[in-house]
Amino acid sequence: MIEAGDLRIIKGHAANQGRLEIKYKGEWGTVCDNQFENVDAKVACRQLSYCSGLMLPAHKVDDGIGTIWLNHVNCSGSEGNLLNCNYNHDISPCRHYQDVGVHCFLNCSTGDEGGLRITDGVTENQGRLETYYKGEWGTVCDNQFQNVDAEVACRQLGYCSGQMIPAVRINDGQGTIWLNDVNCFGSESELLNCTYTIDTSNCHHSEDVGIHCFLICSTEDEGIIQ
């Protein structure tokens, strides 16, 4: 039975990302993006039984209809329900073009330094590459990033291989850009074992790199006729 405060995602490219809606006073409605941040998205996604998530800005989701229920949502991150966060019902400054979205994660890293995740893509195995560094998730600059670097990242994530997706085909991230000038030999087990620099002063989120990891890799004998 649907209870007050229940959430749902009106899906965009996938069921785990799209416009966030909340059931309130017997009616489904939307949430205004004013002050809505990643920490609020994490609470919403955990309530929806995902492991974590990111905010999708309003311009990346379709406009909703009906009542806008919540504004100025402000979670600490420990809440189990979005209605346990601070918020208000004054939605007079809100319009449906400000309806917020979330991208909830199907799989999460353990949070170890150097952990990786793929976010904001059409499927869970392709999208923007992010790394956990100094206690915070951030992005990777595409300067000098090549397929060999993507292969290392994908193997670290448990896939058999992968390839780079250029930044122009990836949605811009947010927060800190952690790595620049990544250069792997290809034998490394983790991206942080490759050479890189943390001087990202020449990087912008329009240069956030993506990867497409392969679920199945062909054998070296593929195509050989015996």
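Reader: Which residues does Leu191 touch, not counting residues up to four places away in sequence?

Author: This is a predicted model, and Leu191 is among the residues with the most contacts inside the largest nonpolar core. Leaving aside residues up to four places away in sequence, the residues that Leu191 touches are Leu116, Leu129, Asp149, Val152, Ala153, Gln156, Leu179, Val182, Cys184 and Tyr196.

Reader: Which element gives the most residues to the largest nonpolar core?

Author: The core has 22 residues. Two or more of them come from each of strand 8 (116-123), strand 9 (126-133), helix 2 (147-156), strand 12 (177-183) and strand 14 (210-214). The element that gives the most, with four residues, is helix 2.

Reader: Against which strands do the buried residues of helix 2 pack?

Author: In helix 2, the buried residues are Asp149, Ala150, Val152, Ala153 and Cys154. Their packing partners are strand 8, strand 9, strand 11 (161-165), strand 12 and strand 14.

Reader: Which residue with positive phi follows helix 2, and which one follows helix 1?

Author: Helix 1 spans residues 38-47, where Asp40, Ala41, Val43, Ala44, Cys45 and Gln47 are buried. After helix 2, the residue has a phi near 95 degrees and is Gly158. After helix 1, the phi is near 75 degrees and the residue is Ser49.

Definitions and conventions
Residues are numbered from 1 along each chain as its sequence is written. This is a predicted model: local features need pLDDT of at least 70, side-chain atom pairs count only at pLDDT 80 or more; totals for chains, interfaces and linings use all residues. Side-chain values use heavy atoms; hydrogens and water are left out. A nonpolar core is a set of buried Ala, Val, Leu, Ile, Met, Phe, Trp, Tyr and Cys residues joined through side-chain atoms within 4.5 Å. Buried means under 20% relative accessible area, exposed over 50%, partly exposed in between (1.4 Å probe, protein chains only). Contact means heavy atoms within 4.5 Å.
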